[in-house]
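Here is a structure to look at together, with a few questions about the words used to describe it and the values behind those words.

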Amino acid sequence: MVVRIRLSRFGCNNKPFYRVMAADSRSPRDGKHLEVLGYYNPLPGQDGGKRMGLNFERVKYWLSVGAQPSEPVQRILFRAGLLPPPPMMVMGRKGGPRDTRPVDPMTGRFLSPEKSPVSSQSNASKNDIEAVTTTA
């Protein structure tokens with residue numbers, strides 16, 4: 001039995017909502033599953049609701065026992081920081097560079113590195129040194 005981690009569709013017409021599930025590869029998309037691992041909402045509401053939620057321990061467990069993620073789930077797990085980038089994303093695709101910034105799995109927003117106060121102090125000291133050398 002080959003286990004796949006894949007999306008199962010819920011929701012109404014034109015308003016999809018997906019659950020991330022571990023399922024037998026032979027079962028239908030919305031059919032029998034082994035375990036629900038999380039959810040993914042491609043259309044968050046106006047209030048900025050959560051886009052995805054994953055049970056990281058269980059996902060790591062299923063990956064460790066040999067479960068294969070589908071392509072959409074592979075992209076979701078890459079954005080959550082659990083997997084390396086898919087091969088096509090590393091090579092680049094037709095149409096320009098891809099957005100590879102990691103996304104916070106709880107809020108769905110891009111994670112950005114915070115600037116440390118040490119670097120701003122070092123810039124200030126460089127400016128002081130330049131000011132001293134120009135006045136002399």
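Q: Why does Asp24 count as buried?
A: In this predicted model, Asp24 has a relative accessibility of 15%, and because buried means under 20%, Asp24 counts as buried.

Q: What makes Arg26 count as exposed?
A: The relative accessibility of Arg26 is 66%, and since exposed means over 50%, Arg26 counts as exposed.

Q: Why is the pairing of Asp24 with Arg26 called a salt bridge?
A: The closest N and O atoms of Asp24 and Arg26 are 3.2 Å apart, and because a salt bridge needs a side-chain nitrogen of Lys or Arg within 4 Å of a carboxyl oxygen of Asp or Glu, the pair meets that condition. The structure holds two salt bridges.

Q: Which residue forms a salt bridge with Glu35?
A: Glu35 forms a salt bridge with Arg58, the closest N and O atoms being 2.9 Å apart. Glu35 belongs to strand S3 and Arg58 to helix H1, so this pair ties together parts that are 23 residues apart in sequence.

Q: Which residues of the largest nonpolar core touch the most other members?
A: Of its 17 residues, these are Ile5, Val20, Leu37, Leu54, Trp62, Val73 and Ile76. The largest share of this core, four residues, is supplied by H2.

Conventions. Residues numbered from 1 in each chain as written. Predicted model: local features only at pLDDT ≥ 70, side-chain atom pairs only at ≥ 80, totals over all residues. Heavy atoms only, no water. Core = buried A, V, L, I, M, F, W, Y, C linked by side-chain atoms within 4.5 Å. Buried < 20%, exposed > 50% of the residue type's maximum accessible area, 1.4 Å probe, protein only. Helix = DSSP H or I, 4+ residues; strand = E, 2+ residues; numbered from the N terminus.
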